[in-house]
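Take a moment to turn the model and follow the chain from one end to the other. Then read on, one region at a time.

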Amino acid sequence: MSIELLITRYGLAAVFLGAGIEGETMVVTGGLLAHGGLMPVTGVAIAAAAGSFVADQLFFAAGRRFRDHPRVRKIEAKPAFATALGLFERHPTAFVFGFRFLYGLRTVSPMAIGTTSIRTSTFAALNAAAAVVWAIVFTAIGFVFADGIEQVFGKMKSIEHIAIGVGIAAALLVGMVQLVRWWRRA
């Protein structure tokens, strides 16, 4: 099923699921569509926050409940898991709030945090606040930069054009983050 058909058929539900499964690209696309009047911008932000929150709560619960399961042990062996735990140990509150903004750590972090002793209520509160901020930021990126993307790609006639624009914007954002990381290490 194409992205265009998915969003046309399911609207904000697609943003909800996409925010939880895929992340930024779906939310930025929702912001672009809101700019075009195809979806309400507030609805996109709420669906994105809810989808991100629910997915991260589920991953946290899986880490908490199945921390001794062989599949979780296999995920624990990955470098990203160790990185997430190390960052959590140094700055627990900041990391719980900010992991969704860190490229490469977004999906493994809630499960890693679930294996720690943090209280579920503390994680849920920080996760909710972070999900709202994250959703507003990425919805706004799509909404605010829609005109610029349209100028670069001409009049947007399909979701595929929007997806290309979002992909390029995401690649630029990731590149900038990597450049800042490299600069700090040098």
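**A loop residue to start from**

Thr116 sits in the loop between α8 (109-114) and α9 (120-144). Helices such as these are DSSP runs of H or I with at least four residues, strands are runs of E with at least two, and both are numbered from the N terminus. This is a predicted model, in which local features need pLDDT of at least 70, side-chain atom pairs count only at pLDDT 80 or more, and totals for chains, interfaces and linings use all residues. Residues are numbered from 1 along each chain as its sequence is written, and side-chain values use heavy atoms, with hydrogens and water left out.

Is Thr116 buried or exposed? Thr116 is buried, because its relative accessible area is 15%. The cut-offs are these: buried means under 20% relative accessible area, exposed means over 50%, and partly exposed lies in between, with a 1.4 Å probe and protein chains only.

Which residues does Thr116 touch, not counting those up to four places away in sequence? They are Arg64, Arg67, Leu85 and Phe88. Here contact means heavy atoms within 4.5 Å. The side chain of Thr116 also reaches the backbone nitrogen of Ile118, at 3.4 Å.

**The whole chain**

Now step back. The chain has 11 helices and 0 strands. Buried residues make up 38% of its 186 residues.

The expected span is 1.5 Å times one less than the number of residues. Several residues of α9 are buried, among them Phe123, Leu126, Ala130 and Trp134.

Asn127 also belongs to α9. With a relative accessible area of 0%, Asn127 is buried. Leaving aside neighbours within four places in sequence, Asn127 is in contact with Phe53, Asp56, Gln57, Val96 and Arg100. Pro110 is 17 residues away from Asn127 along the chain, and their C-alpha atoms are separated by 9.2 Å.

Follow the contact to Arg100. This residue lies in the loop between α7 (92-98) and α8. Arg100 counts as buried because its relative accessibility is 0%. Which side chains make polar contacts with Arg100? One is Asp56, at 2.8 Å. Another is Asn127, at 2.2 Å. A polar contact is a pair of N or O atoms within 3.5 Å; within protein, one must be able to donate a hydrogen and the other to accept it, and residues adjacent in sequence count only if both atoms are side-chain atoms. Beyond four places in sequence, the contacts of Arg100 include Glu24, Ser52, Arg106 and Trp134.

Helix α3 (residues 24-35) has 12 residues. From its first C-alpha to its last it reaches 16 Å, close to the 16 Å expected. How many residues of α3 are buried? The count is 9 of the 12, so α3 is largely enclosed by the rest of the structure. Among the buried ones are Met26, Val27, Gly30 and Leu33. After α3 comes Gly37, whose phi is positive, near 80°.

Helix α6 (residues 79-90) has 12 residues and reaches 17 Å, close to the 16 Å expected. In α6, Phe81, Ala84, Gly86 and Phe88 are buried. What covers these buried residues includes α5 (70-76), α7 and α8.

**A cavity inside**

Rolling a probe the size of a water molecule over the atoms shows where empty space is left. The structure holds 1 cavity of 30 Å³ or more. On a 1 Å grid over the protein atoms alone, a cavity is a set of points where a 1.4 Å probe fits but cannot get out, and lining residues have an atom within 4 Å of a point. Points are joined across faces, edges and corners, and the volume is the space filled by probe spheres set on them.

Which residues line the largest cavity? They are Gly20, Ile21, Ala55, Asp56, Phe59, Arg106 and Thr107. The elements giving two or more residues to this lining are α2 (12-21) and α4 (41-65). The largest share, 3 residues, comes from α4.

How values were computed. 1 Å grid on protein atoms, 1.4 Å probe; cavity = no way out; pocket = protein on both sides within 12 Å on 5 of 7 lines; lining within 4 Å.
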